[in-house]
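Thank you all for coming.

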Amino acid sequence: MEIIIQPTASAASIIAARLIARLVYHKPNCVLGLATGSTPLATYQELIRMHREDGLDFSHVTTFNLDEYVGLSPEHPQSYHHFMQEHFLRHVNVAPERIHIPDGMTSDVPGLCERYEAEIRAAGGIDLQLLGIGSDGHIGFNEPSSSLASRTRIKTLTERTRNDNARFFSSPAEVPLHCITMGVGTIMETRQVLLLAFGPNKAQAIAEAVEGPITAMNPASILQMHPVAKALLDEPAATSLRRLEYYRWVFDNKPDWQRV
Ligand code: GLP
């Protein structure tokens with residue numbers, strides 16, 4: 001995994017947005033895997049700016065989101081459908097028919113999950129997957145102990161994740177118990193991963209994911225086996241890494257052609 005440490009979350013987000021923009025520029029019909037949460041917000045803002053000011057064109061791009069809460073309609077203010085519209089999709093020109101987010105209101109969860117996987121395959125697979133990380137190391141909503149080979153399916157959220165995400169709801173009890181999430185195996189098949197983590201609350205999960213053993217107890221740790229994964233961190237999220245100085249040295253000494 002390539003570890004990129006930046007002084008601030010906004011500097012790291014600009015790098016993430018540039019990497020995404022570069023892909024969209026070179027492969028206009030690319031398939032993007034998108035994430036929710038507070039972490040990717042600044043990346044989306046920078047992509048929106050590039051769309052408005054530099055003409056970055058998403059009209060041929062296909063998107064697949066990682067996850068959705070079960071039981072929340074697309075109009076629910078805390079649904080990930082709503083989040084994506086508010087924070088990214090309504091500000092750019094992705095064609096509505098090429099946007100994919102699991103339907104949390106489906107009456108047939110297993111059928112929907114199978115179709116979601118089939119749609120990803122039919123689109124040619126995901127070129128770049130944007131990821132945040134939970135404070136317990138989850139990616140998507142793959143909580144600790146998730147199978148590292150799992151596919152899109154229903155999951156039950158841990159108390160910790162429900163508490164972490166309760167800040168967006170009027171009370172913790174309102175956070176749904178279940179979600180639909182791409183599996184760890186689904187994420188591992190994407191061609192490139194950008195894992196973003198900001199703030200001290202993520203330091204432990206990042207240290208385990210990057211330098212710890214590969215274990216289902218920290219699902220992000222499987223990214224050590226991904227052929228093209230970059231972790232973009234701010235200083236507070238990087239503080240528990242043992243080889244911090246080495247990662248900085250590698251980044252500072254990149255050949256010019258590798259710089260972003
Ligand atoms: C949720 C999402 C994850 C996200 C995580 C971290 O659980 N399902 O995709 O990475 O929250 O959220 P935040 O970025 O707000 O810390």
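When I speak of one residue touching another, I mean a contact, that is, heavy atoms within 4.5 Å. Please keep in mind that what you see is a predicted model.

Let me begin with Val 24, which sits in helix α1, covering residues 9-26. Is Val 24 buried or exposed? Its relative accessible area is 3%, and because buried means under 20%, Val 24 counts as buried. Leaving aside residues up to four places away in sequence, Val 24 touches Cys 30, Leu 32, Leu 56, Asp 57, Phe 58 and Val 61. Met 1, by comparison, is 23 residues from Val 24 in sequence, and their C-alpha atoms are 22 Å apart in space.

The largest pocket has a volume of about 600 Å³, and of the 33 residues that line it, the closest to its centre are Thr 36, Gly 37, Ser 38, Asn 165 and Arg 167. Helix α3 gives the largest share of this lining, 5 residues, and the lining as a whole divides into 13 nonpolar, 15 polar and 5 charged residues.

The second largest pocket holds about 180 Å³ of space, and among its 13 lining residues, Leu 19, Arg 22, Gln 192, Lys 230 and Val 260 lie nearest its centre. Here we return to helix α1, which supplies the largest share of the lining of this second pocket, 3 residues, while the lining divides into 6 nonpolar, 2 polar and 5 charged residues.

Key: Residues numbered from 1 in each chain as written. Predicted model: local features only at pLDDT ≥ 70, side-chain atom pairs only at ≥ 80, totals over all residues. Heavy atoms only, no water. Helix = DSSP H or I, 4+ residues; strand = E, 2+ residues; numbered from the N terminus. Buried < 20%, exposed > 50% of the residue type's maximum accessible area, 1.4 Å probe, protein only. 1 Å grid on protein atoms, 1.4 Å probe; cavity = no way out; pocket = protein on both sides within 12 Å on 5 of 7 lines; lining within 4 Å. Points joined across faces, edges and corners; volume = space filled by probe spheres on them. Nonpolar A, V, L, I, M, F, W, Y, C, P; charged D, E, K, R; others polar.
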